[in-house]
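I opened my notebook to look up a few places in this model.

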Amino acid sequence: MFKPFVHIQNLNLNYHNKVVLKDLYWEMNIGESYVIGGKSGTGKTSLAKTIAGLIPAQGSIEINFDELSALPKEVLYVESWYQFKNLEGVANFYYQQRYTSQQAKETLTVHAELVGYGKEKGLHFDQVEPILEALGFATFASSQLIELSSGEHKKLQLVKALWLKPQLLIIDQPYTGLDVASRKNLNILLDQVAEEGVQLILICNDSELPACINSFAEIRDGKLVKVDALESSATEIYLREIPAFLKESPVYSSEDIVKMVDVNISYGEKQVLKNINWEVKAGEKWLLQGHNGSGKSTLLSLVNGDHPQSYANELYLFGNRRGSGESIWDIKQHIGLISPEFHWYFDPTATVWQSIASGFYDTVGLFQQLPYTKSTQVDELVEYFGLTENKNELLTALPLGKQRLVLLARTIIKNPELLILDEPCQGLDRQQTQHFNQLVDELCSNGMTLIYVGHFESQLPTCIEKRILLEKGEVKVVETILENV
Amino acid sequence: MANYFNTLPLREKLNQLGVCDFMDSAEFLDGVSALKGKKLVIVGCGAQGLNQGLNLRDSGLDVSYTLRKEAIEGKRDSWKNATENNFTVGTYEELIPNADVVINLTPDKQHTAVVNAIMPLMKEGATLLYSHGFNIVEEGMQIRKDLTVIMVAPKCPGSEVRAEYVRGFGVPTLIAVHPENDPQGKGLAQAKAYCVGTGGHRAGVLKSSFVAEVKSDLMGEQTILCGLLQTGSILSFDKMVEKGIDAGYASKLVQYGVEVITEALKQGGITAMMDRLSNVAKIKAFEISEELKDIMRPLFQKHQDDIMSGEFSRTMMEDWANGDKNLLKWRAETGETAFEKTPAGDVKIGEQEYFDNYTLMVAFVRAGVELAFETMVQAGIKPESAYYESLHETPLIANTIARKKLFEMNRVISDTAEYGCYLFDQACKPLLGDFMKKVDTDLVGKNFNEGKDGAVDNRKLIDVNEAIRSHEVEQIGATLRKAMTAMKAIKTA
């Protein structure tokens, strides 16, 4: 009699007084590898964490490990959010601190982190090297954890999982923040470990999957339902008209939004930006591309006034030379910004409403009372994004996709002159992404300036007209991809 | 140099001790304009120096750093901190003569040497800014009469000063103008502008005096902030081990417990902290903290008396002259305690469990905060100042213990605080000998509620609640906390 590999019966889970999983029953047989997809907020992450024993739930979960296999009898859950600590044990940083030279020394290096992990799990270091190579991560060995971008953090987690090869490997949003090449290599590596006997559960809505995936499921009404393939799931979302205050054209104080002249940024020996020359004029819509680690987020931090080395470079923002007596708050008031790192380090004590409102003041968390007109605008946007029933909940209590929507609302609340959207749709499902990009198009048609970072041509707003490509910290291509008619 | 405070007539002593004004946010509407276009030169580039400088520059001000020649030539950490963040760095001779404001952010014990070196170089009518008044008040440093002397003291470690700024907030800050050195009457305007530059104006600013700052700061750090947290932590750990509680668990409970417990204190004062306990545990914690207050009151009073008379600073300066012999010896001893050497165990402790299983620490904190506050107020310090130096700072120090135990706490705080902390700890431990003999694991290590039915006498509970809530530290705290509700929760556990 074969027992199923994973056998779940009568699983029930409530979160914040809401039913998430209800009498869930599931058998995962030997040889099966799953993708669990579907809408944001259906309980996929909760189920994964429950299987991994990370959160308690009522019911029975049996994992029947293969006693004869050499692979570790272990369920490994790779979170979509990775928390690291600095050497003083502090887990919560602000994203800007990545750029301050002194702070950077307080976290472990990638190499030290991996050595520690290998020791803890009894793994041989020579086995991790091919994985590092394949994911293009070998060059990061001496980097500090805080210097890594979100895509690099994701890779670090994946490296550990592929090195360990647990009998059951659950990966939450495996492709988040990875560029095209890394996604392909990841699929090859996943197929390799599957060949060796690792069974996979991937939580995602992506279509380019490893070949070993042979089953699909979604969670509906708290139950796991097997499906033939992932449908593009319908999400209740805004097809409403955008609020009137977002239709007003921005008033530009200068035609020159960004101007960089031979900009160089380095940390010690490591040069992350090399002789960058770039101009963004009012109303232009830019796509910024480059591999993970090519310097994109550093470039954007210069524009947003976050980088201390701005002061040593020839950089003009909104017509003013950087370091000519302006404060970073003077700069930020022109900009609405979102990035994965920004989301990562956002204030965990803020509610949905407060998070959006804080966009008026460019603060992480809300520290002041809003005047009536502004507070009405927050309400309108909350309504527009379909977040009304969540507005008093803590941001962090929402599923990641919804958190991202909240921060997107925060980004546009003040109808800024410049929108900086660094992988804004990470964590959103296909439909949410499409709708968000439509919204971006609509906002931009009123003259807003845009800098958009995205990996996939298919998932971009249509208004994009210019492209800048970075490679190893240098400008590789600047081109016009769409002539303005 | 003579102790400045001791040269004052009583009336002027009381006058300066009593400077205390919690400033309205409307006082900061001029922003940084009083410092705009001025040359700000910071002496020293450690945690406070670097982070304040980063904030000031990001507020549009002109900031550079001056270091001793040896630090520049040796490319020491302070030099690296400044240059890697693209600040201009120069020697005293190069930068001080052109400075409009010289900001002295070196450790206390270097102040006399630093000020003696920079004062002759400073231009006529410039400003000298301190972040602690020890040099002026205790050492009696005399500053040239044409110079303005002000103080701006962010009440947080340097890293928090930066972290709160970049998120658009700030840390509570204390400012003062030295009455002997304000020839042009510009001191206050500059101090306020500096607060805006570091973001402090968003989190509440208390106008104080050099005298009030020193006498309350020393008292707070020696007694409740560092001294009692150290004593309480070590005694609690030793007691648990003695009673057979797993050492890893004990280590974790003590390391993180004080942070979790004082987080409630930060949010809602002693009341909120005590309210996290069950009714039975609260009554017990109240009773033993009353007992602790009676036992420790003479020690708190002695510390305050020695601070007021200058006896404390006299003996500490003797140790400075002696190459920090005592300080280094005591620091080494702290590194050798069992608590310090036992790593926190890999056990999960829930947030509520830190309260239920560590009732003793709740009692220590209540006793220490109230005693420090009461003793300061009795000595002529205003309640607002006393609040900052007792209740307000306790969670910040607790946070350093959670990071890396007492070693970390003593590394982060100033040498002055550390010296006073050891003095207190050495006197306090024997004082609590008999008390600790009676303590069992229900107060530390196990859940106090276990095996109890939770029943309490109504009248008793009402009296206890009344006593907690009506204490003056709670009254003043409620007002001051309103201004800093947005302070980030610092959590490591």
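I looked up B:Asp217 and found it in helix α11 of chain B, residues 210-242. Helices here are DSSP runs of H or I with at least four residues, strands are E runs of at least two, and both are numbered from the N terminus.

This is a predicted model, where local features need pLDDT of at least 70, side-chain atom pairs count only at pLDDT 80 or more, and totals for chains, interfaces and linings use all residues. Residues are numbered from 1 along each chain as its sequence is written, while chains are lettered from A and ligands numbered from 1 in the order in which they are written.

Is B:Asp217 buried or exposed? I noted B:Asp217 as buried, because 26 other C-beta atoms lie within 10 Å. The cut-offs are 20 or more other C-beta atoms within 10 Å for buried, 12 or fewer for exposed, and partly exposed in between, with C-beta atoms placed from the backbone.

Next I checked contacts (C-beta atoms, placed from the backbone, within 7 Å). Setting aside residues up to four places away in sequence, B:Asp217 touches B:His132 and B:Glu389.

I then turned to B:Glu221, also in helix α11 of chain B. B:Glu221 has 25 other C-beta atoms within 10 Å, so I logged it as buried. Beyond four places in sequence, its contacts include B:Ile413, B:Ala417 and B:Cys421.

Why this pair? UniProt, in an unreviewed entry, lists B:Asp217 and B:Glu221 under "binding site". Its positions follow the numbering used here, feature names are shortened, and annotations may be inferred rather than shown by experiment.

I moved on to the sheet in chain B. I traced an open sheet of 9 strands with mixed pairing, in the order β1-β9-β8-β7-β6-β5-β2-β3-β4. Two strands pair if DSSP finds at least two bridges between them. The edges are β1 (21-22) and β4 (88-90) of chain B, each pairing on one side only.

Strands β2 (residues 39-43) and β5 (residues 101-104) of chain B run parallel, joined by 4 bridges. Helix α3 (residues 47-58) of chain B packs on the sheet, touches β2 and β3 (62-66), and makes about 160° with the direction of β3(B). Angles run from 0 to 180 degrees between N-to-C directions, with axes fitted to C-alpha atoms, for helices over the stretch in contact. Helix α7 (residues 111-118) of chain B lies across β2 and β5, at about 160° to β5(B).

Last, I looked at chain A. A:Gln434 sits in helix α12 (residues 430-444). I marked A:Gln434 as partly exposed, because it has 17 C-beta neighbours inside 10 Å.

Methods. Contact = placed C-beta atoms within 7 Å.
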